[in-house]
Each structure stands twice: as structure tokens, then as C-alpha cells.
Amino acid sequence: MFLAPFERLSRLAPEVSRFALVGGLGYATDVVLFNILRALLETPSLLAKFVSLGVATVIAYLGNRRWTYGHRATSDDAADARRRFLLFVGWSCGGLAIQLGCLSLSRDVLGFDSLLADNISGNVIGMALATAFRFWGYRTWVFRATPPAPDAACSASNADDVSGLAR
């Protein structure tokens, strides 16, 4: 009884590790590309962030789809892939809202307006909460495990079992 949560966590550990590595790659892409756009190409801040975050989101989606959740049976149908990508972007935006909410709470409600406070609230607390939110959302809604299609023999025997229950 006591080991059940630990067993569950140990089964999740490889997935969490892959999720963290893919997220780290996405984060590094965002930071590096943002700084290249800002410093070298003199792109305006908001446009640079929009582009860097967009590229990072695509990289994170592909990494999670192919590696983190690659073991889950998903359809390769183009419409399903678009739906999954839009869900991924939605959950990513939800995580961003959590980070911005933590930053806003710290600055606007609690009155902490130093650079250190902004980093703690947005990049430590906000990132931790947003990462948990994203992991749950991606795992539960975006890259949902689909049960394997039953083969014809199973379907026929299950139909007999169900009809026998109705008698």
C-alpha cells in the first residue's frame, strides 16, 4: 500500500526526465534566439520574443511528440496532428499565464518589484507551477494514450459476452 505511490513515480521518472530535457532545449532555444534577434539583428523586444517563443514551442512540440510521448499510440492523421499541436499551444499558453500570474501577484499585489523578486516569482515559482501544469496537460490531453484497436476475434467474443449478460 505504501509502495504504490513510489512505484507509480518510478514508472513516471523516465517520462518526466525526457519532458525536462525537451523543455530545457525549448527554453534554451527561446533564450538564445531572443538574444540573437535583439542584440545582433536589433529586432524589437516583443517581436523577438514572439518569434523566439514560437520557434521554441514548435521544437518542444516535436520533441515531446517524438521522444517524451513517442511510446503512446497516436494517430498520424494530419487533422489529428493539427488538433494535438493546437492543444499543445493552448496548454503552453496556459503555462505562460501561470508564470505571468505569479509575476503579477509578486509585483502588483505583494509589492516586490526588484529584479531578484521578478526572477523568483516568474522564473522559479512560476516556472515550477507552469511546468507541472504543462506536464499534466500534455500527458492527459495532448499526447493521450489511445488503447489499441481490438482485433476482430476479440470483438466477436466480447459481443457474445455482452449479449450473454443481457439474458
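Of the 167 residues in the protein chain, 26% are buried. Buried means under 20% relative accessible area, exposed means over 50%, and partly exposed is in between, with a 1.4 Å probe and protein chains only. This is a predicted model, where local features need pLDDT of at least 70 and side-chain atom pairs count only at pLDDT 80 or more, while totals for chains, interfaces and linings use all residues. Residues are numbered from 1 along each chain as its sequence is written, and side-chain values use heavy atoms, with hydrogens and water left out.

Next, the secondary structure. Helices (H or I, at least four residues) and strands (E, at least two) are DSSP runs, numbered from the N terminus.

Asn64 lies in helix α2, residues 45-68. Is Asn64 buried or exposed? Asn64 counts as buried, because its relative accessibility is 2%. What does Asn64 touch, leaving aside neighbours within four places in sequence? Its contacts are Phe19, Val22, Tyr69, Gly70, Phe88, Tyr138 and Phe143. Contact means heavy atoms within 4.5 Å.

Tyr69, one of those contacts, is in the loop between α2 and α3 (78-109). Tyr69 is buried as well, at 1% relative accessible area. Not counting residues up to four places away in sequence, Tyr69 touches Glu15, Phe19, Asn64, Phe135, Tyr138, Arg139 and Phe143. Val142 is 73 residues from Tyr69 along the chain, and their C-alpha atoms are separated by 9.6 Å. For the chain as a whole, take contacts between residues at least 6 apart in sequence: 69% of them join residues at least 24 apart.

Now the surface. The accessible surface is about 11100 Å², and 71% of that belongs to carbon and sulfur atoms. Accessible areas come from the Shrake-Rupley method with a 1.4 Å probe; for residues, only the protein chains shown count as cover. Which residues make the nonpolar patch of about 470 Å²? They are Leu116, Ile120, Val124, Ile125 and Leu129. Like charges are joined within 9 Å, and nonpolar side chains (Val, Leu, Ile, Met, Phe, Trp, Tyr) within 5 Å. Val124 is in helix α4, residues 115-142, and is exposed, at 52% relative accessible area.

Last, the cysteines. Cys93 is partly exposed at 45%, whereas Cys102 is buried at 14%.

Definitions and conventions: Patches are made of residues with over 30% relative accessible area and no salt bridge: like charges are joined within 9 Å, nonpolar side chains (Val, Leu, Ile, Met, Phe, Trp, Tyr) within 5 Å. A salt bridge is a side-chain nitrogen of Lys or Arg within 4 Å of a carboxyl oxygen of Asp or Glu.
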